[in-house]
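Hi everyone, thanks for coming. I'd like to walk you through one structure today, so please have a look at the screen.

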Amino acid sequence: MSEPRQPGEIQTASEINHEGWWREWFNHIYLDVYSHRDEHQAAEEVNAILTVIPLPPTARILDLCCGNGRHCRALHQAGFHRVVGVDYSFPLLKHAMAETPRAGYVRADMRLLPLHKACFDAVFSFFTSFGYFQTNVENLAVLHEIARVLRPDGYFLLDYLNPAYVRETLVAESVKAHGDFVIREKRSLSPDGDRIEKEIVIENWGLRDHRYHESVQLYEHEAMLDMLESADLRVLDTLGDFNATPFHPHSPRMILHGRRK
């Protein structure tokens, strides 16, 4: 048995589970690190999407990988009251339920949703909640689950990163102060160039420093179209940002939306 970690001692790279990083990272510390992703931004993104995806107020909507529920709350404020949020993180869901107790939240792995077939009019996935898994089969399983829970002709939205933009704007290392703690981030591409990797160290948060890892598959636009098509999800358009700018190679985002076949 290894010796217990001392206060101030961080995890080594070998102690971090890179493959299942999403199980550990999305916690109460994550909320502090990404506090700039706030309610106002969520409301702007929801309102932007509702201009291109026509939904009646009675629509049943799934917010897949809802995190702390900020987009669920924005949808409620926009007049949609049949919203369900799904996430794997118990800490984030606990926060979501405290903020919006009347909303429906479910803890689940997005590869196997405990939801009925064809029970939603729309499925939204905001803020790069795709490409987390190590194999194409696992990531494709997420798209098949989206299609399965969508009614025929139901709408989907996948807010994803643009690999070309990620490579062009990659900042290898950054340090920023956030209140009393410091966030150190190192970013790199995997040896094959197909994943974006990030090491995150949070200093002075509590009694010790904390170290986490992020790893997201970089799927090109054509690959995303092919994967969605294979899951019976037909892309109607791809936006480059939430201002409805058409997607191009240098767009900051790849926001795909369409309907289930």
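Let's begin with E7 and strand E8, residues 195-203: the two pair in the antiparallel sense, over eight bridges. Please remember that what we are looking at is a predicted model. Which residue of E8 is the bridge partner of Val-182? That partner is Glu-203.

Now look at the other neighbour of E7. Strand E6 covers residues 173-178 and E7 covers residues 181-189; they run antiparallel, and six bridges join them. E6 and E7 form a hairpin, with two residues between them. Gly-179 sits in that turn, and its phi is positive, about 65 degrees.

On to the next sheet. How many strands does the open sheet with mixed pairing have? The answer is seven, and their order is E3-E2-E1-E4-E5-E11-E10. Here the edges are strand E3, 104-107, and E10; each has a single partner strand, so one side of each has no neighbour in the sheet. On average, and ignoring direction, neighbouring strands of this sheet are turned by 20 degrees against each other.

Inside that order, find strand E5, residues 150-161. E5 pairs with E11 in the antiparallel sense, over seven bridges.

H4 touches strand E1 (60-64), strand E2 (82-87), E3 and strand E4 (120-125), and its direction makes about 175 degrees with that of E2. Helix H5, residues 90-99, also packs on the sheet, where it touches E2 and E3; the direction of H5 makes about 170 degrees with that of E3.

Next, helices against helices. Helix H3 is residues 39-50 and helix H4 is residues 70-77; their axes come within 8 Å and cross at roughly 60 degrees. H3 and H4 are therefore oblique to each other. Their crossing is right-handed. The residues making the contact include Ala-42, Ala-43 and Val-46 of H3, and Ala-74 and Leu-75 of H4.

There is another helix pair to see. Helix H6, residues 136-149, packs with H8 at an angle of about 60 degrees, and their axes are 9 Å apart. That makes H6 oblique to H8. H6 passes H8 in a right-handed crossing. Among the contact residues are Leu-140 and Leu-143 of H6, with Met-227 and Leu-228 of H8.

Now for some backbone details. Most residues other than glycine have a negative phi. Asp-232 is not a glycine, yet its phi is positive, near 65 degrees. You'll find Asp-232 in the loop between helix H8, 221-230, and strand E10, 233-239. Its relative accessible area is 41%, so Asp-232 is partly exposed.

Ala-244 has a positive phi as well, about 65 degrees, although it is not a glycine. Where does Ala-244 lie? Look in the loop between E10 and strand E11, 253-260. Ala-244 is partly exposed, with a relative accessible area of 41%.

One more alanine: Ala-164 is found in helix H7, residues 163-168. With 23% relative accessibility, Ala-164 counts as partly exposed. Ala-164 and Pro-252 are 88 residues apart along the chain, while their C-alpha atoms are separated by 8.8 Å.

Finally, a word on confidence. The protein has a mean pLDDT of 90, and 93% of its residues reach 70 or more. Over residues 1-17, though, the pLDDT is below 50, and this stretch has 23 contacts in the model beyond near neighbours in sequence. Where pLDDT is low, the predicted coordinates should not be read in detail.

How values were computed:
Residues are numbered from 1 along each chain as its sequence is written. This is a predicted model: local features need pLDDT of at least 70, side-chain atom pairs count only at pLDDT 80 or more; totals for chains, interfaces and linings use all residues. Side-chain values use heavy atoms; hydrogens and water are left out. Two strands pair if DSSP finds at least two bridges between them. Helices (H or I, at least four residues) and strands (E, at least two) are DSSP runs, numbered from the N terminus. Buried means under 20% relative accessible area, exposed over 50%, partly exposed in between (1.4 Å probe, protein chains only). pLDDT is the predictor's confidence in each residue, from 0 to 100. Contact means heavy atoms within 4.5 Å. Axes are lines fitted to C-alpha atoms, for helices over the stretch in contact, and angles run from 0 to 180 degrees between N-to-C directions. Angles under 35 degrees count as roughly parallel, over 145 as roughly antiparallel, 65 to 115 as roughly perpendicular and the rest as oblique. A crossing is left-handed if the near helix is turned anticlockwise from the far one by less than a right angle, and right-handed if clockwise.
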